[in-house]
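Keep the sequence open beside the view.

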Amino acid sequence: MTGLRVAACQTPELLGAVDAALACIEDFARRAADADLLLFPECFLQGYLVEAAHLNRYAVDLRSAEFAAVQRRLAAVEVTLVFGVVERAGDRLYNTAVVLDRGELSGYYRKTHLVPGEALFDPGDAYPVFDRRGVRFGINICFDAQFPEAAAAVAAQGADLLLLPAQNMIRRASAESWRERHNEIRTRRVRETGMWLVSADVTGERGTSHIGYGPTCAINPDGDVVAQVPSLTMGHITVEVPSSR
């Protein structure tokens, strides 16, 4: 039986700072050099800000020269990378997570369940899975976790692991009440499907209005949180997910 060493990275919120986001990916790749896969938050490359000006300026076509430059920059990173991207496809925008191997695009997942504030995005309609070191994984993004069918669609394809890039930089008035609820919801998905779940999130503050507690964590199929980055701390956790094959 083989396994996959998965590192999940809790990062600062970076808005419209692609070069800084790429440098952050490279830095975590050095810190988590023993991992096979690194997971980063939702819309990490350009930053999660669902405003027309931001999306129109920073959205990227995955077939464009602009994204090819990102791929070249990350080609030296030896591990599999999964990170969020604001994607443009024709006249549509998607909240997407890409899977890169040494700069090569192995595939992508488009968020299927959108919160009311994400009306500028179109929803995705597919749940691709990927195989690495005998472990099969799929992706949900943030709000997807509140819908059992999203995780179930990944599990139905024989996945061992669900990756969950998230971005919970939220208004202070509701942040405290959500601090523990994220993992309560994720634990339900784990117990329903029997998969591991690994999440990555941002942390810190956005002015005086927003705060990001995370959590960046790993939950095993029994529903136990086996590793978690402390709130308001940058860092990563690494877990080994065994293959069921």
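A7 stands opposite L38 in β2. That contact belongs to a parallel pairing: β1 and strand β2 (residues 37-39) are joined by 3 bridges. Two strands count as paired if DSSP finds at least two bridges between them. Strands (E, at least two residues) and helices (H or I, at least four) are DSSP runs, numbered from the N terminus. The model is predicted; local features need pLDDT of at least 70, side-chain atom pairs count only at pLDDT 80 or more, and totals for chains, interfaces and linings use all residues. Residues are numbered from 1 along each chain as its sequence is written, and side-chain values use heavy atoms, with hydrogens and water left out.

Between these two strands comes a helix. β1, helix α1 (residues 18-31) and β2 make a right-handed β-α-β unit. Right-handed means that, with the strands pointing away from the viewer, the path from the first strand over the helix to the second runs clockwise.

How enclosed is β1 by the rest of the structure? 8 of its 10 residues are buried, so β1 is largely enclosed. Buried means under 20% relative accessible area, exposed over 50%, and partly exposed in between, with a 1.4 Å probe and protein chains only.

Follow β11 onward. It runs antiparallel to strand β12 (residues 210-212), and 3 bridges join the two. R206 stands opposite H210. The hairpin of β11 and β12 has 3 residues between the strands, and G207 takes a positive phi near 60 degrees there.

Now turn to another sheet. 6 strands form an open sheet in the order β6-β7-β8-β10-β13-β14, with mixed pairing. Its edge strands are β6 (129-132) and β14 (225-228), each pairing on one side only. Neighbouring strands of this sheet are turned by 20 degrees against each other on average, direction ignored. Within it, strand β7 (residues 135-139) and strand β8 (residues 161-165) pair in the parallel sense over 3 bridges. I139 stands opposite L163.

Helix α4 (residues 148-155) lies across β6, β7 and β8, running at about 135 degrees to β8. Helix α6 (residues 181-193) lies across β8, β10 (196-200), β13 (217-219) and β14, at about 35 degrees to β13. Contact here means heavy atoms within 4.5 Å. Axes are lines fitted to C-alpha atoms, for helices over the stretch in contact, and angles run from 0 to 180 degrees between N-to-C directions.

Finally, look at the rings. Ring pairs link F28, F40 and F44 into a cluster. Rings of Phe, Tyr and Trp (its six-membered ring) pair if their centres lie within 6.5 Å; planes under 30 degrees apart count as stacked, over 60 as edge-to-face and the rest as tilted. The charged end of R31 sits over the ring of F28, 4.6 Å from its centre. R181 lies over the face of W178, at 3.8 Å from the ring centre. Such a charge has NZ of Lys or CZ of Arg within 6 Å of the ring centre and within 35 degrees of the ring normal.
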